[in-house]
Amino acid sequence: MASAFAAAPALAAGSNTITIGVFGDFTGSESFLGPDLTKGVATAVAAINASGGVDGKKLVYVTADDAGDPVDAIPALREMLSVDRPAFVVGPFSDIETAMVPIIKESTVPIIVQGGSTQLDKVTAKYFWRTNTSDDQEGSADAYWAIHQHWLRAAFAYTTAAGAATLMDPTRAAYEAHGGKVVVTENLVPDQSSYRSQILQIMAAHPQVVFFQQDPQTAGTFFSEVAQLGFDNKTQWLGTDVEYSSDVFKALGPKIATTNLQFTNNSLENSPASKYFASWYDKVNGTTTPALAAPQGYDAVVVAALAMEAAHSTSGPAFNAKMLYVANPPGIPVYSFAQGKALLAKGKKINYDGVSSTVDFNRYHSVVGPFGVYKFTASGNFVQVGQISSEQNAAFFTPGTVH
Amino acid sequence: MTYLASLLPLAAIYGILVIGLNMQYGVTGILNFTYITFVAIGAYVTGVLTMGAPANAQTYILGAHLPFLLALVLGGLAAAALGTVVSFTVLRRLRSDYLAIVTIGAGQIVYTIIGNETGVFNGWNGIFGIPVPVPMSLSPVMQQLAFGLITILILAVVLFAAQRIQYSPLGRVLRAIRDDEGVTEAYGRDTFRMKLLAFLIGCFVAGIGGGLLGEYATAYAPSAFLPGETFILWAALLIGGVANNWGALLGAIIVPIGFAEVTRFLPDFGNPTLIESLRGVAIGLLIILAPAFLPHGLVRERLAKDRARSRATAPTEEETSNA
Amino acid sequence: MSILMLSIGFGLVTASVLAIAGVGLSLQFGVTNFVNFAYGDYATLGAYVALVANEHGVNMYASMLIAGVVVAVFAALVNRLVFRYFIDKRVKLVILLVVTIGVSLVIEYSLQSIFGAQFQSYTVTSPTPMQIGPFLLTSGQLAIIGIAVLCMAGVHLLLSRTRVGKAMRAMSDNPALAEASGIDTRRITDLTWLVVGFLAGIAGVVLAMNTSTFTPLLGTFFLMLLFAVVILGGIGKPYGAMLGALVIGLVTEVSGAYINAAYQDAIAFLIMIVLLMLRPQGLFSSRGRA
């Protein structure tokens, strides 16, 4: 029941704390996104506070639920901005982010969105930032991997969730432009009780690879039926960043999750930042396997915190101007808030490279890939099986892709 | 603060919506469990009629740049048109539970069609970028207040019309149908046509409210008209006052607005969804307890005996209709 | 393996799930004369009870029985504490329906408060499919069909062989006459809720097993399909509901193979609506009860 009941109230933030807003889906069909993002934010907050906080102040965060629908999301975001007065907001996701653009445009604090909708590729709003790659890039990466693995017959099994089509179209376009053939497309309504007839259709077309993006709950139902039909070991399954998540592993179970299943994500698995992130993530969340969007959320908070350090201010206009300063080259690469803070204190220009990407914003304040290709291990961790650099990916872009 | 200012139009919009529901249920006794679907049609149609040709990779029908009020009225008419289609199943002499089931089924079909046929209203992503009918040069707070003024004016019109209808001869017949359709038919009234009229009026009002809601949110999507949304409006009506438009307004303020906003200031505890879940439980409890302890809602229906100033004697028989 | 035959096989599984719950709903509707919009949530409750049992190491089938018993008691309690209050006050039917909506919300959001909105699954090993004739089914699915058959047999025996069952049928056909002939309607109603709750609990567990992942909203959508089943079969006609379940189960699965699968459930609703317009008493009923 989406309703007018959307926001969680503010924690008592005193004058020596800085409030961060986390805005995502806590209920509704994508209800895993909000908690997952929060895990990343909480990790960043813990790590930053342990390094002395920002300008001597500790960070705290509050959450608000957008309920996955724009009618409830708009008042909820307004409420968060007016009542909780966060220094910046992390979120929302692609199911409603396009509807939030008017509020983002009138905002006076940075809003670091987490969804890849291509409609936001060319948004020019001063306080708009995005630490999640555009779906154009991810689609291209998916296609690149499939073509280079010689999987030239493909099927699509995306859910119809809001925000899914913006990834399916670029994937298809890039794939077909480079010699791939799409033999069947099945659109899955999320959270249905059975997908068997659609699975049969896919299998009847004998694809070599199936591109898919499904929320964990749908994936659980879908893949257990795939296994019931005995088809999971007859084809390759290639998912997207939604699958880079412990929730998906939990839904599929170890056996299914490790059978011919791979997925892409704009993540630098072996980046210098990731060990630091993994140890803090473990301290805060009790596992080293990050949830979906947690790395991107973590990077968002770290970059904003560094910008606040550099500006010696938590006022929106002041530190918004420093976001590019701390995130983009040139500058000394830093891989954690602590490192960055120390160098800023010495007056050095830094370039934060994060867990989810090098966090280098393009002229539209969005980040660019590289992408890794991963699969699950039997214990639910990720292991990388391939890498697609930004240059390789760029060669695959469909015309008009912003990068 | 922009937020508080934005509550003003939201309250007016919910008021309009509950008044429409009152026309269907409170006055005429029609059980429409998919009221939100008509709200949605109003939101979509008004939205696309003000958005012009599809842009930003959206696809939808009926793009135009009509003036706001005209688009709003057309949105209401579109909702009434859907109501006409639905009413052929809903208004036959079916008992209430069948009616309720059919409305839910019809709503589900409409939801599925709008979601899957992306060419109609941009599918599951919904439409966004609906222009707001106030000058963009105002500050955000002033924009909300200005829009609030517009919605209140429209609410006043709707309220006035609803009151006139309810206490007109037509309204008397509708209430007679609500109380006992068989008897009313025996007296020679064409109950089907009367019910159809009331139903369509309610749908029209729902569409108007929906159009305003879409303007308020500047976006609309299928996730915004899940079946559960209807029940918030039901709770508002039951608590505020069945068959009384002022009660409907009161309910709209208490439930969707007051209830949600008061609980915002509770301290945060448990996981983020806990407070929201508890609110849901409270709504359910309200829906159970209101008919038990407040069978007429907080504001009773005004009956003929209350309105007659000249009657000096005590009422001859107790009003039993709203048990 | 033709797609059609495979779909029919799956349709049988879906029909089994629908049948267990549908028979319960039809029976309850017949005896108590109002539809309980919280029925789907009773099934959800069963699924969560089994989850708790399952997490404590109880095997799946025992968990299912526990779920059935718990929901049975719950259903009887809700009837005593909530529904009876309004029935005794002789409120209009619409009020009672709205109250059942309230019960539905309370159950849903209470489950969400306790377990969260995230999905859950049972810890069961991944099944392997077996070829049974032209169908491809797993042992779990065969078990579901078996459980459905058991439940149908149980209900049949109850209705045809026991005095309680005969009283239920009498109340369903003609409440006034039943009461006049000395049947203790309140007691029979209580027992009906026990039986119906038990069926709902089992159905919820079976449904959750079939979908592998579930949330507190599991039963709400399921309920809408159940309406189609019950209306098809005729209100108060449990045997009709069994056939209705077969029809709806087959129609949804088979149509999904040939048309846009997003509409496979919408087809069920369309059938239901058309039927209500043309033959409100259901396909298998002889007397009108609309």
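## Lining of the second largest cavity

Ten nonpolar, ten polar and five charged residues make up the lining of the second largest cavity. The structure is a predicted model, and the space in this cavity amounts to about 320 Å³. Its lining has 25 residues, and the closest to the cavity centre are A:Leu33, A:Ser94, A:Gln213, A:Asp241 and A:Val242.

## Cavities in the model

Chain A contains an open sheet of five strands, arranged in the order β2-β1-β3-β4-β5 with parallel pairing. Strands β2 (58-65) and β5 (128-130) of chain A each have a single partner strand, so they stand at the edges and one side of each is left without a neighbour in the sheet. From one strand to the next, the twist averages 25°.

Within this sheet, strand β1 (residues 17-24) of chain A pairs in the parallel sense with strand β3 (residues 88-90) of chain A, over three bridges. A:Val22 has A:Val90, in β3(A), as its bridge partner.

## Helices on the sheet

Helix α1 (residues 33-50) of chain A lies across β1, β2 and β3 of chain A, and runs at about 170° to β2(A). Helix α10 (residues 294-311) of chain A also packs on the sheet, where it touches β1, β2, β3 and β4 (111-113) of chain A. The direction of helix α10 makes about 165° with that of β3(A).

Technical notes. Residues numbered from 1 in each chain as written. Chains lettered and ligands numbered in written order. Predicted model: local features only at pLDDT ≥ 70, side-chain atom pairs only at ≥ 80, totals over all residues. Heavy atoms only, no water. Pairing = 2+ DSSP bridges. Helix = DSSP H or I, 4+ residues; strand = E, 2+ residues; numbered from the N terminus. Axes fitted to C-alpha atoms, helices over the stretch in contact; angles between N-to-C directions. Contact = heavy atoms within 4.5 Å. 1 Å grid on protein atoms, 1.4 Å probe; cavity = no way out; pocket = protein on both sides within 12 Å on 5 of 7 lines; lining within 4 Å. Points joined across faces, edges and corners; volume = space filled by probe spheres on them. Nonpolar A, V, L, I, M, F, W, Y, C, P; charged D, E, K, R; others polar.
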